[in-house]
Amino acid sequence: MERLYETNQTEAIFEVLMGKFSYVLKNTLLNMRRTPLLVFATIIAVLVSSFLVFTTLSARSIVENNTVRWQNGIHVVVFLDDRVTTTAHKQLETSLEDYPEVRTVDYFSKPEAEEEFKVLFKDQPELLAEVDYEILPASLRINLNDPSNYKLIIERLQGNPAVKDIRTSGEAIERLLSLTDTLVISASAFALLIGFAAFILIINTLRLAAYSKKKEIKIMRLIGASSTYIRLPFIFEAVIESLIGTSIAVGFGWALIEYSKNSVVADSIFDIRISDDYLIFLTLSLLMFSLIFGLFASFVGIRKALND
């Protein structure tokens, strides 16, 4: 008998909870149906803001990965003057190897330069047919212990008669990182602006919904409904709008990265690879932020309406 009573009591509690959940869900959907344009605008604003954050942070990670890859490669290429003897070239190579900043120095002969040129431009037979390979110089390929020391190497080689020209990856890397930092800052600022617009839209949407149900809210207070119970439909609405926008944005971001992996850029100098762990972390962080964003917006949006 006692077990039967406990079972009935559990079922009753479950029915009450389901009834409350049904009420919250029903009123959430009803609120959203009353202002469809505002809801749509809110979702779009959250989508754009989240997409900007996702893509710029992903792009930053891709650039950093490629920077590391480039920094582990050739940092300085010294093109040798053919008018100088091979002995002078060898002496230059030996002196470079003695520099504390230099890790390795590799001599690249004229025949090797010719083969490299043919590989690089294998898809342009017209160009290969016109090139005079005798003009391709031999070179020294230098790998540094610290890639930022490329300027010291340039200064030391200036005026050396064996040197025809110098090319470095350090300058390109610095420009790329500077450009990426500017892009991230600009996109983040724009994302914050769009996010603020979404915040205002959510507040206005919830206020309209709350004022349209002002009498209903007063009746619920008279019969003893808690503030939390009254707030729940509005909280759910803000959270749902925020999560929908962010989820779509993240989906677009993943699709863009997958598409970029097979693009022309990925087949050239850029390696469009980013770890799944980073993408999952970024996705979860954005979803968590959108949840907090929705909760905060709902608190601000209906505070005044519930306090009247």
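How many helices and strands does the protein chain have? There are 10 helices and four strands, where helices (H or I, at least four residues) and strands (E, at least two) are DSSP runs numbered from the N terminus. This is a predicted model, in which local features need pLDDT of at least 70, side-chain atom pairs count only at pLDDT 80 or more, and totals for chains, interfaces and linings use all residues. Residues are numbered from 1 along each chain as its sequence is written, and side-chain values use heavy atoms, with hydrogens and water left out.

**View 1. The open sheet has four strands in the order β2-β3-β1-β4.** Pairing here is antiparallel; two strands count as paired if DSSP finds at least two bridges between them. At the edges stand β2 (102–108) and β4 (163–168), each with a single partner strand, so one side of each has no neighbour in the sheet. From one strand to the next, the twist averages 20 degrees.

**View 2. Zoom in on β1 and β3, an antiparallel pair.** Four bridges join β1 (residues 76–80) to β3 (residues 139–144). Beyond its neighbours within four places in sequence, V78 has contacts (heavy atoms within 4.5 Å) with residues including L92, L157, V163 and D165.

**View 3. Here are two helices, α4 and α6, with the sheet.** Helix α4 (residues 110–120) packs on the sheet, touching β2 and β3, and its direction makes about 90 degrees with that of β2. Helix α6 (residues 150–157) lies across β1, β2, β3 and β4, running at about 170 degrees to β4. Axes are lines fitted to C-alpha atoms, for helices over the stretch in contact, and angles run from 0 to 180 degrees between N-to-C directions.

**View 4. Now for the largest nonpolar core, with 20 residues.** Such a core is a set of buried Ala, Val, Leu, Ile, Met, Phe, Trp, Tyr and Cys residues joined through side-chain atoms within 4.5 Å; buried means under 20% relative accessible area (1.4 Å probe, protein chains only). Among the members touching the most others are V76, V78, I142 and I153. At least two core residues come from each of β1, α3 (86–97), β2, β3, α6 and β4. A second, separate core of 17 residues includes L201, A209, A297 and V300.

**View 5. Take care with residues 264–269, where pLDDT stays under 50.** pLDDT is the predictor's confidence in each residue, from 0 to 100. Across the protein chain its mean is 76. Where pLDDT is low, the predicted coordinates should not be read in detail.

Note on methods. Buried means under 20% relative accessible area, exposed over 50%, partly exposed in between (1.4 Å probe, protein chains only).
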